Amino acid sequence: MSQCTCNFLSYTLARSVTINVVIPGPVFSDASPTHIPKAPYPVLYLLHGGWGNENIWLRYTAIERYAEERQIAVVTCGSENTAGSDMSVSIPFGRIRTEEILNPHLTDHREISFSQFIIKELPEFIHGMFPVSSRPEDTYLAGDGYAALNALKILFETPQQYRAIGLLSPCFRSPVQKHLKAYIGQFAHAAVYLAANSQEPYAACSKELSDFLKDAGMIHRSDHYSEDYWSVCDASVVSFLEWLPRTDAYAGHKKRKI
């Protein structure tokens, strides 16, 4: 298994960004182990919730081990996600003088979209650098907490790009569940459409939200709960990986022993 930390210049965000990529390794029990994979790996883009960064899933869960066991690549990135942000921000470009700061009309401001970075540029970089499948049927998206809401936004924007998404929002009293209910209610027709096309969003959440997701045509697979947030996230991502409707070259393999 390889865990790669990459820093590259993003043309979408107009600055350097850091991501983590987990790639399964060779099977040493094979007669001739090799680092050349037999086929591109399926990939899970894993977003973080409020106040996290690209390292938090690797630090607080065993996602690296789960990726190796299930032969799936995992990508984490810093989505600059805070309290339910809309994943976009207006920032100034070019040289800024004192008078421009005092008078923002003199400064060239452009809208920077983190969702576009995740939708377009990040997969482009991953496909160009790693043995990862570019097929939508091998591509998955998941997020915890506020990132679950952002995952829904991304899915509704580009439903053809992902086979399934994971809504890993386990805090019963988390305000994000209210946001999720409001957002799913607004786009209930899209959720039903996605379920009809086998793109069934998974959710690890409270029973109240679970029932709401079922009524909206979405699928709920488990109901983990604990006082410890990250122990629930860890259990949730395992359940999500077990549930994934995979059709890739590694789908029929037994879970690898680590």
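This is a predicted model: local features need pLDDT of at least 70, side-chain atom pairs count only at pLDDT 80 or more; totals for chains, interfaces and linings use all residues.
Local features were kept at pLDDT of at least 70 and side-chain atom pairs at pLDDT 80 or more, while totals for chains, interfaces and linings use all residues. Residues are numbered from 1 along each chain as its sequence is written, and side-chain values use heavy atoms, with hydrogens and water left out.

Six aromatic pairs turn up in the structure; rings of Phe, Tyr and Trp (its six-membered ring) pair if their centres lie within 6.5 Å, and planes under 30 degrees apart count as stacked, over 60 as edge-to-face and the rest as tilted. Tyr41 and Tyr250 are stacked, because their ring centres sit 4.7 Å apart with the planes at 20°. Tyr41 comes from the loop between strand 2 (15–23) and strand 3 (43–47) and Tyr250 from the segment after helix 9 (229–243), so this pair ties together parts 209 residues apart in sequence. Both Tyr41 and Tyr250 are buried (under 20% relative accessible area with a 1.4 Å probe, protein chains only; exposed is over 50%, partly exposed in between).

Tyr60 and Trp230 go edge-to-face, since their centres are 5.5 Å apart and their planes at 65°. Tyr60 is partly exposed at 42%, whereas Trp230 is buried at 15%.

As for strand 8 (residues 164–168), five of its five residues are buried, so the strand is largely enclosed by the rest of the structure; strands (E, at least two residues) and helices (H or I, at least four) are DSSP runs numbered from the N terminus. Ala164, Gly166 and Leu168 point one way, with Ile165 and Leu167 pointing the other.
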